[in-house]
Amino acid sequence: AELESAEAFTNVINSVSDVSVGAVFAESVAKLWENVLYVGLFGDIRTSLDKRSTALKYINDYLAKLGVREGDTFDDVLWTITDVISVRGKDKSYGIIAELLRKLDNVTFKKTKNELIKELKANGNMAVILLDSLDDFQLNLETVSRAIQGLLKFIGESNKPSTPIDIRLCLPAELYHQF
C-alpha cells in the first residue's frame, strides 16, 4: 500500500497535530499513527484477501464502523480516518483518540490487526506500507515535529522480522541530520 499523495500525508500530520491537548508524548502519537496507517492498509488490502477469510470479515466490519467504503483508495481511507480523528478528537488527548479508534463496538482494532497478521502468515504473504518521501517536512513547526516523532517511534517499533507487515518511510537525505 503506497501513500502517494503529499496532500493526504500532510492531512494526516495536520490532523495528528491539531488534536494536541496538554502534554504530548511520542508514545501516544505513535499509537495514533499505528491506527491511521493500519486503517489505510485495511482498506487497501481487503481486495486481495480471500472472500471467505476471517480477516476480511473483521476488516470490513471495522472499516464500516469508521465509514470507509469499499473501493476507497489508500488516500481516501486516510482522508476518512483523519476526518474521524478531527471529529472525535476535538479537545481530547492523543491517547484517548487512539483508544476511541481502537474500540469501535465489538470490532476492535487489535483483533482486526491480529486476524490480518494471522492470515498473511498462514498464506506466506507480506504487506508493505510505503510512505514516500516528502521534500519539506517543516520540522521547525513544533506540531509537525511532534507528529513526525510519533511516526518515527511507531515505525521503529513496528518493523520486526516476525511480522508480515513492513512499514517503510523514505526520508529526504538533505534532512538526515535534523532527523
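**View 1. Lys-113 lies in helix H6.** Welcome to a predicted model, in which local features need pLDDT of at least 70, side-chain atom pairs count only at pLDDT 80 or more, and totals for chains, interfaces and linings use all residues. Residues are numbered from 1 along each chain as its sequence is written, and side-chain values use heavy atoms, with hydrogens and water left out. Helices (DSSP H or I, at least four residues) and strands (E, at least two) are numbered from the N terminus. With a relative accessible area of 18%, Lys-113 is buried; that word stands for under 20%, against over 50% for exposed and partly exposed in between, using a 1.4 Å probe and protein chains only. Setting aside neighbours within four places in sequence, the contacts of Lys-113 are Glu-34, Tyr-38 and Phe-42, where contact means heavy atoms within 4.5 Å.

**View 2. Lys-113 sits over the face of Tyr-38.** Here the distance from the ring centre is 4.9 Å. The rule asks for NZ of Lys or CZ of Arg within 6 Å of the ring centre and within 35 degrees of the ring normal. Tyr-38 itself counts as buried, at 3% relative accessibility.

**View 3. Tyr-38 and Phe-154 belong to a cluster of aromatic rings.** Rings of Phe, Tyr and Trp (its six-membered ring) pair if their centres lie within 6.5 Å; planes under 30 degrees apart are stacked, over 60 edge-to-face, and the rest tilted. By this rule there are 6 aromatic pairs. In one of them, the ring centres of Tyr-38 and Phe-154 are 6.4 Å apart and the planes meet at 70 degrees, so this pair is edge-to-face. The two partners come from distant parts of the chain, 116 residues apart: Tyr-38 in helix H2 (residues 26-45) and Phe-154 in helix H7 (residues 142-158). Phe-154 is buried too, with a relative accessible area of 4%.

**View 4. Helix H6 covers residues 109-123.** Its 15 residues reach 21 Å from first C-alpha to last, close to the 21 Å expected at 1.5 Å a residue; the expected span is 1.5 Å times one less than the number of residues. Which residues of H6 are buried? They are Phe-109, Thr-112, Lys-113, Glu-115, Leu-116, Ile-117, Glu-119 and Leu-120. Just after H6, Gly-124 takes a positive phi of about 70 degrees.
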